[in-house]
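This report looks at one strand with its pairing partners, and then turns to a metal site.

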Amino acid sequence: MLFPLKFLPKESYKEAPRHFGARRSKGKRKHAGCDLYAPVGTPIFAVANGVVLDFYEFYLESWALEVDHGDFVARYGEVKKTLPAGVKKGAKIFAGQHIANVGVLQGLKLSMLHFEMYAGTAKGALTQKGNPPYQRRSDLMDPTPYLDAAQMFGATVFNPCVFLPGMSKASFGFTAGMGLYPE
Ligand SMILES: [Zn+2]
(Lines give C-alpha, C1' and ligand atoms only; values in the text may rest on other atoms or scores of the structure.)
Protein backbone atom coordinates (compact mmCIF):
# COMPACT_ATOMS: atom_id res chain seq x y z
CA MET A 1 0.00 0.00 0.00
CA LEU A 2 1.09 3.57 -0.69
CA PHE A 3 0.75 6.39 1.81
CA PRO A 4 -2.17 8.64 0.75
CA LEU A 5 -0.20 11.89 1.12
CA LYS A 6 3.19 12.85 -0.25
CA PHE A 7 4.42 13.59 3.27
CA LEU A 8 4.11 12.21 6.77
CA PRO A 9 2.06 14.66 8.87
CA LYS A 10 3.96 16.27 11.77
CA GLU A 11 1.11 15.40 14.13
CA SER A 12 1.16 11.61 14.59
CA TYR A 13 -1.91 9.66 13.45
CA LYS A 14 -1.13 7.30 16.34
CA GLU A 15 -1.76 9.90 19.06
CA ALA A 16 -4.95 11.45 20.45
CA PRO A 17 -7.17 12.83 19.12
CA ARG A 18 -6.11 11.53 15.71
CA HIS A 19 -5.61 7.81 16.34
CA PHE A 20 -7.98 4.94 15.56
CA GLY A 21 -10.20 4.33 18.59
CA ALA A 22 -9.74 7.84 20.05
CA ARG A 23 -12.61 9.11 22.20
CA ARG A 24 -15.33 11.01 20.39
CA SER A 25 -18.56 12.63 21.60
CA LYS A 26 -17.42 12.53 25.26
CA GLY A 27 -16.71 8.81 25.11
CA LYS A 28 -19.99 7.81 23.46
CA ARG A 29 -18.25 6.65 20.33
CA LYS A 30 -14.76 5.87 19.05
CA HIS A 31 -12.83 7.32 16.13
CA ALA A 32 -13.17 4.96 13.17
CA GLY A 33 -10.09 6.06 11.24
CA CYS A 34 -6.74 7.81 11.36
CA ASP A 35 -6.53 11.59 10.91
CA LEU A 36 -3.73 12.83 8.67
CA TYR A 37 -3.50 16.56 9.32
CA ALA A 38 -2.78 18.57 6.18
CA PRO A 39 -3.66 22.01 4.81
CA VAL A 40 -6.87 22.54 2.84
CA GLY A 41 -6.25 21.65 -0.79
CA THR A 42 -3.48 19.10 -0.11
CA PRO A 43 -3.57 16.42 -2.85
CA ILE A 44 -4.60 12.92 -1.78
CA PHE A 45 -3.37 9.85 -3.69
CA ALA A 46 -4.87 6.38 -4.14
CA VAL A 47 -3.16 3.88 -1.85
CA ALA A 48 -3.61 1.06 -4.40
CA ASN A 49 -5.35 0.30 -7.69
CA GLY A 50 -9.13 0.27 -7.37
CA VAL A 51 -12.60 1.31 -8.42
CA VAL A 52 -14.54 4.28 -7.02
CA LEU A 53 -17.63 2.97 -5.19
CA ASP A 54 -19.23 6.23 -4.12
CA PHE A 55 -18.78 9.92 -3.32
CA TYR A 56 -21.04 11.82 -0.91
CA GLU A 57 -21.29 14.51 1.75
CA PHE A 58 -19.59 13.31 4.93
CA TYR A 59 -18.87 15.59 7.90
CA LEU A 60 -19.14 19.35 8.52
CA GLU A 61 -19.79 19.93 4.81
CA SER A 62 -16.75 17.93 3.72
CA TRP A 63 -17.10 14.93 1.39
CA ALA A 64 -15.95 11.30 1.32
CA LEU A 65 -14.72 9.05 -1.47
CA GLU A 66 -15.15 5.28 -1.15
CA VAL A 67 -12.80 3.09 -3.14
CA ASP A 68 -12.77 -0.68 -3.54
CA HIS A 69 -9.07 -1.55 -3.57
CA GLY A 70 -9.65 -5.28 -4.03
CA ASP A 71 -8.12 -6.52 -0.77
CA PHE A 72 -9.94 -3.82 1.22
CA VAL A 73 -12.22 -0.81 0.92
CA ALA A 74 -10.90 2.66 1.84
CA ARG A 75 -12.90 5.72 2.74
CA TYR A 76 -11.04 8.94 2.05
CA GLY A 77 -12.98 11.34 4.27
CA GLU A 78 -13.12 15.10 4.85
CA VAL A 79 -12.16 15.95 1.29
CA LYS A 80 -13.32 18.67 -1.09
CA LYS A 81 -16.54 18.34 -3.07
CA THR A 82 -14.62 18.97 -6.28
CA LEU A 83 -12.61 15.95 -7.49
CA PRO A 84 -9.79 15.73 -10.04
CA ALA A 85 -10.94 15.07 -13.61
CA GLY A 86 -12.01 11.46 -14.22
CA VAL A 87 -12.51 10.54 -10.57
CA LYS A 88 -16.17 9.60 -10.16
CA LYS A 89 -18.39 6.68 -9.17
CA GLY A 90 -17.43 3.61 -11.20
CA ALA A 91 -14.08 5.00 -12.39
CA LYS A 92 -10.99 2.80 -12.28
CA ILE A 93 -8.08 4.41 -10.47
CA PHE A 94 -4.48 3.38 -10.08
CA ALA A 95 -2.06 3.36 -7.17
CA GLY A 96 -0.59 6.82 -6.71
CA GLN A 97 -3.28 8.60 -8.74
CA HIS A 98 -4.38 12.02 -7.49
CA ILE A 99 -7.97 11.26 -6.44
CA ALA A 100 -9.05 14.04 -4.04
CA ASN A 101 -7.96 17.11 -2.08
CA VAL A 102 -8.18 17.87 1.63
CA GLY A 103 -11.40 19.79 2.30
CA VAL A 104 -12.67 22.45 4.69
CA LEU A 105 -14.36 21.34 7.93
CA GLN A 106 -16.95 24.07 8.51
CA GLY A 107 -16.59 25.49 12.01
CA LEU A 108 -13.21 23.87 12.71
CA LYS A 109 -9.76 25.34 12.26
CA LEU A 110 -8.33 21.91 11.43
CA SER A 111 -8.21 20.14 8.09
CA MET A 112 -7.14 16.59 7.35
CA LEU A 113 -7.59 13.37 5.47
CA HIS A 114 -9.75 11.15 7.68
CA PHE A 115 -8.76 7.66 6.46
CA GLU A 116 -10.84 4.54 7.14
CA MET A 117 -10.36 0.93 6.01
CA TYR A 118 -12.78 -2.01 5.73
CA ALA A 119 -12.08 -5.65 4.97
CA GLY A 120 -14.79 -5.63 2.31
CA THR A 121 -16.47 -8.71 3.79
CA ALA A 122 -19.70 -6.96 4.90
CA LYS A 123 -22.36 -5.20 2.85
CA GLY A 124 -24.19 -1.90 3.24
CA ALA A 125 -23.33 1.67 4.26
CA LEU A 126 -19.96 2.20 5.96
CA THR A 127 -21.51 4.47 8.60
CA GLN A 128 -23.93 2.55 10.80
CA LYS A 129 -25.10 4.66 13.75
CA GLY A 130 -26.59 1.62 15.46
CA ASN A 131 -23.30 -0.27 15.69
CA PRO A 132 -21.32 1.08 18.69
CA PRO A 133 -18.67 2.07 19.58
CA TYR A 134 -17.37 3.00 16.13
CA GLN A 135 -20.80 3.42 14.47
CA ARG A 136 -19.38 1.73 11.43
CA ARG A 137 -19.90 -1.40 9.37
CA SER A 138 -18.82 -4.66 11.04
CA ASP A 139 -15.78 -5.16 8.77
CA LEU A 140 -14.09 -1.92 9.92
CA MET A 141 -10.30 -2.31 10.25
CA ASP A 142 -7.64 -0.39 12.14
CA PRO A 143 -5.66 1.39 9.38
CA THR A 144 -2.67 2.11 11.64
CA PRO A 145 -0.45 -0.89 10.72
CA TYR A 146 -1.20 -0.34 7.03
CA LEU A 147 -0.23 3.33 7.21
CA ASP A 148 2.89 2.41 9.19
CA ALA A 149 3.95 -0.02 6.47
CA ALA A 150 2.88 2.18 3.56
CA GLN A 151 5.37 3.19 0.92
CA MET A 152 6.06 6.93 1.13
CA PHE A 153 5.99 8.67 -2.21
CA GLY A 154 7.81 11.83 -1.21
CA ALA A 155 9.59 12.38 -4.49
CA THR A 156 7.94 14.45 -7.19
CA VAL A 157 10.47 13.32 -9.78
CA PHE A 158 10.15 9.86 -11.24
CA ASN A 159 12.50 7.33 -9.67
CA PRO A 160 12.40 3.81 -11.17
CA CYS A 161 13.50 2.38 -7.81
CA VAL A 162 10.17 3.19 -6.14
CA PHE A 163 7.99 1.09 -8.42
CA LEU A 164 6.24 -1.75 -6.67
CA PRO A 165 5.37 -5.21 -7.98
CA GLY A 166 2.33 -4.99 -10.23
CA MET A 167 2.93 -1.37 -11.15
CA SER A 168 4.24 -0.45 -14.53
CA LYS A 169 5.44 2.71 -16.16
CA ALA A 170 2.51 2.39 -18.54
CA SER A 171 0.03 2.48 -15.65
CA PHE A 172 1.30 5.95 -14.80
CA GLY A 173 1.23 7.15 -18.39
CA PHE A 174 4.89 7.78 -17.80
CA THR A 175 7.00 9.64 -20.29
CA ALA A 176 10.58 10.77 -19.80
CA GLY A 177 10.88 13.84 -17.60
CA MET A 178 7.31 13.66 -16.37
CA GLY A 179 6.56 13.90 -12.63
CA LEU A 180 5.43 10.82 -10.77
CA TYR A 181 1.82 11.97 -10.44
CA PRO A 182 -0.02 12.88 -13.63
CA GLU A 183 -2.11 15.63 -12.02
ZN1 LIG B 1 -11.09 11.48 11.81
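Buried here means under 20% relative accessible area, with exposed over 50% and partly exposed in between, for a 1.4 Å probe and protein chains only; strands are DSSP runs of E of at least two residues, numbered from the N terminus.

The model is predicted, so that local features need pLDDT of at least 70 and side-chain atom pairs count only at pLDDT 80 or more, while totals for chains, interfaces and linings use all residues. Residues are numbered from 1 along each chain as its sequence is written, and side-chain values use heavy atoms, with hydrogens and water left out.

## Pairing on either hand

Strand 5 (residues 50-57) pairs with strand 6 in the antiparallel sense over 6 bridges, where pairing requires that DSSP finds at least two bridges between the strands. Val-51 stands opposite Asp-68 of strand 6, and in the hairpin of these strands, with 5 residues between them, Leu-60 takes a positive phi near 50°.

Strand 6 also pairs with strand 7 (residues 73-79), in the antiparallel sense and over 6 bridges; Trp-63 has Val-79 in strand 7 as its bridge partner. The hairpin of strand 6 and strand 7 has 4 residues between the strands, and in it Gly-70 takes a positive phi near 90°.

## The zinc site

The zinc ion has His-31 (NE2), Asp-35 (OD) and His-114 (ND1) as its protein donors, lying 2.0 to 2.1 Å from it. Donors are N, O and S atoms within 2.8 Å of the metal (3.2 Å for Na, K and Ca), and sites may look incomplete because water is not among the atoms.
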